Amino acid sequence: MAQIICPNCNHTFDSNNPESIATRSAVAGAMGLVGAEVCGSMGILLAPGVGISGVVPGAVGGAFIGWFTADQFRRCTACKKVFKT
């Protein structure tokens, strides 16, 4: 797997540590809820006279955005500094 080097203390650690996976999952869940809430009052028109609620697409889109946004930030396991990768 990829190794990340902390810009503060030059400590090297694995990019897929359990802390980063838990953080990404929590942010994806929270953003999924936000996406469902924001898009819940919207409808998506599929064809003339056919539409669906925006809850599920909003939740899925929010979860993807949250997962990939949280993936851009890491916390060093040695100095505990948060930095953008």
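## The largest pocket

The largest pocket of this predicted model has a volume of about 160 Å³. A pocket is defined on a 1 Å grid over the protein atoms alone, as an open set of points where a 1.4 Å probe fits, with protein on both sides within 12 Å along at least five of seven lines. The volume is the space filled by probe spheres set on the points, which are joined across faces, edges and corners.

Lining residues, which have an atom within 4 Å of a point, are Phe-13, Asn-17, Glu-19, Ser-20, Thr-23, Arg-24, Ala-70, Phe-73, Arg-74, Arg-75 and Val-82. Helix 1 gives the most, with 4 residues. Helices (H or I, at least four residues) and strands (E, at least two) are DSSP runs, numbered from the N terminus. By type, the lining has 4 nonpolar, 3 polar and 4 charged residues. Here Ala, Val, Leu, Ile, Met, Phe, Trp, Tyr, Cys and Pro count as nonpolar, Asp, Glu, Lys and Arg as charged, and the others, Gly among them, as polar.

One of the lining residues, Arg-74, lies in strand 5. Arg-74 counts as buried because its relative accessibility is 7%; buried means under 20% relative accessible area, exposed over 50%, and partly exposed in between (1.4 Å probe, protein chains only). The side chain of Arg-74 makes a polar contact with that of Asp-71, at 3.1 Å. A polar contact is a pair of N or O atoms within 3.5 Å; within protein, one must be able to donate a hydrogen and the other to accept it, and residues adjacent in sequence count only if both atoms are side-chain atoms.

Leaving aside neighbours within four places in sequence, the residues in contact with Arg-74 (heavy atoms within 4.5 Å) include Ile-4, Phe-13 and Phe-83.

Glu-19 is placed in helix 1, and it counts as partly exposed because its relative accessibility is 35%. Its C-alpha atom is separated by 23 Å from that of Val-34, 15 residues apart along the chain.

Gly-58 is in helix 2 (residues 55-70). At 10% relative accessibility, Gly-58 counts as buried. Beyond its neighbours within four places in sequence, Gly-58 is in contact with Gly-35, Ala-36 and Cys-39. Gly-58 and Met-31 are 27 residues apart in sequence, and 9.4 Å apart in space, C-alpha to C-alpha.

## Two loop residues with positive phi

Most residues other than glycine have a negative phi. Asn-10, although not a glycine, has a positive phi of about 60 degrees. Asn-10 is found in the loop between strand 1 (3-5) and strand 2 (12-14), and is exposed, with a relative accessible area of 57%.

Lys-80 also has a positive phi, near 65 degrees. Its loop runs between strand 5 and strand 6 (82-84). Lys-80 counts as partly exposed, at 48% relative accessibility.

## Basis of the values

Residues are numbered from 1 along each chain as its sequence is written, and side-chain values use heavy atoms, with hydrogens and water left out. In this predicted model, local features need pLDDT of at least 70 and side-chain atom pairs count only at pLDDT 80 or more, whereas totals for chains, interfaces and linings use all residues.
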